[in-house]
Amino acid sequence: MNNEEKSSCCAIPAVKNLDRDYWNNQYIAETTKWDLGQISPALANFFDGLSDKNSKILIPGCGSAYEAQYLLDKGFTNLTLIDIAPHLVARLQNHFQGNPHIRVIEGDFFELTGEFDLIVEQTFFCALPPSMRPKYVWKMHQLLAPEGMLAGLLFHVQFEQNPPYGGSKSEYEALFKGAFQLSALSETSLSAAPRLNSELFFKFIKNKEVIAKLYKFSGITCNGCRETVSNHYASIENVVNVAMNNDFSEVLIVSTAPIDIYILREKFNTNPIIT
């Protein structure tokens, strides 16, 4: 392997520290550049087609919560919002104060518990470092009811500056495969003007027949090794998808039956630990 190939193979992208303080400062300074100032037309159209006004709906990384206001105005009665930025959450709690149909939580989405019929994706996925994408799939699968749906918009474009982080249809198909039935994933003609030709509308139904587990992982340092190990895990009986993150620290394994942790450790000489 020459130096150029080695550099490409072993490169781990640098990521900003997108923590509570980072996002809180963004909202204080009003520099959340992807805020449309209104609900996305694609989401409004989707919400207009929903019939069960009592569905338990979660909006993670809710931002200014235009979607929540739209749903409330349409008569929906069971909304939960969560965001990590205290400044934003305080503003939303004040805005929705006294409304029994909505609760606004300050906290880490990945520590949230509960069960929801619908989870709405609107610029939360793209705000997370790409290394967290397998964890996102795992948590969404965990939080959804057996027939639950994850729906919303994903960027179909790459950005030179991050966040937001972009992606592609093929990447999303590979990431969510197995854990969800991908009932819709296509470009939308209903994007707001600033996002024309750059969004995919999707509806993913939780696959209740599978087990989605996230493991801590260590022992490799390059993309070539990641592909090799992922292929090995995918060859294990009952495994239907494997998604390792891009800093090689976590791996999502989706299977139709429990996988003995010793098989993962022994066969490939690694030491994953169940989260």
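Guide: Ala65 counts as buried, because its relative accessibility is 2% and buried means under 20% relative accessible area (exposed is over 50%, partly exposed in between; 1.4 Å probe, protein chains only). The model is predicted, so local features need pLDDT of at least 70 and side-chain atom pairs count only at pLDDT 80 or more, while totals for chains, interfaces and linings use all residues. Residues are numbered from 1 along each chain as its sequence is written, and side-chain values use heavy atoms, leaving out hydrogens and water.

The backbone of Ala65 also deserves a look. Its phi is positive, about 65 degrees, although Ala65 is not a glycine. Ala65 sits in the loop between strand S1 (57-60) and helix H4 (66-73); helices (H or I, at least four residues) and strands (E, at least two) are DSSP runs numbered from the N terminus.

A pocket is an open set of points on a 1 Å grid over the protein atoms alone, with protein on both sides within 12 Å along at least five of seven lines; in a cavity a 1.4 Å probe fits but cannot get out, and lining residues have an atom within 4 Å of a point. The space in the largest pocket is about 570 Å³. Its lining has 34 residues, and Trp23, Gly61, Asp83, Phe124 and Ala127 are the closest to its centre. By class, 18 residues of this lining are nonpolar, 9 polar and 7 charged. Here Ala, Val, Leu, Ile, Met, Phe, Trp, Tyr, Cys and Pro are nonpolar, Asp, Glu, Lys and Arg charged, and the others, Gly among them, polar. Volumes are the space filled by probe spheres set on grid points, which are joined across faces, edges and corners.

Ser40 lies in the loop between H2 and helix H3 (41-48). With a relative accessible area of 1%, Ser40 is buried. Leaving aside residues up to four places away in sequence, Ser40 touches Gln122, Leu153 and Leu190, where contact means heavy atoms within 4.5 Å.

Two of these partners, Gln122 and Leu153, return in the lining of the largest cavity. The search of the whole structure finds 1 cavity of 30 Å³ or more, and the volume of the largest cavity is about 60 Å³. Besides Gln122 and Leu153, its lining includes Glu121, Thr123, Phe125, Cys126, Leu154, Phe155, Arg195 and Glu199. Strand S4 (116-122) and strand S5 (144-155) are the elements that give two or more residues to this lining. S5 gives the most, with 3 residues. The lining of the cavity divides into 5 nonpolar, 2 polar and 3 charged residues.

The bond from Asn162 to Pro163 is cis, with omega near -10 degrees. Pro163 and Pro164 are also joined by a cis peptide bond, with omega of about 5 degrees. Pro163 is placed in the loop between S5 and helix H7 (169-176), and Pro164 is found in the loop between S5 and H7 as well.

Of the 15 residues that line the second largest pocket, Glu171, Leu175, Arg226, Ala243 and Met244 are the closest to its centre. Helix H6 (133-143), H7, helix H8 (223-234) and strand S9 (239-244) are the elements that give two or more residues to its lining. The largest share, 4 residues, comes from S9. This lining has 7 nonpolar, 4 polar and 4 charged residues.

Asn238 is located in the loop between H8 and S9. Asn238 has a positive phi of about 80 degrees, although it is not a glycine.
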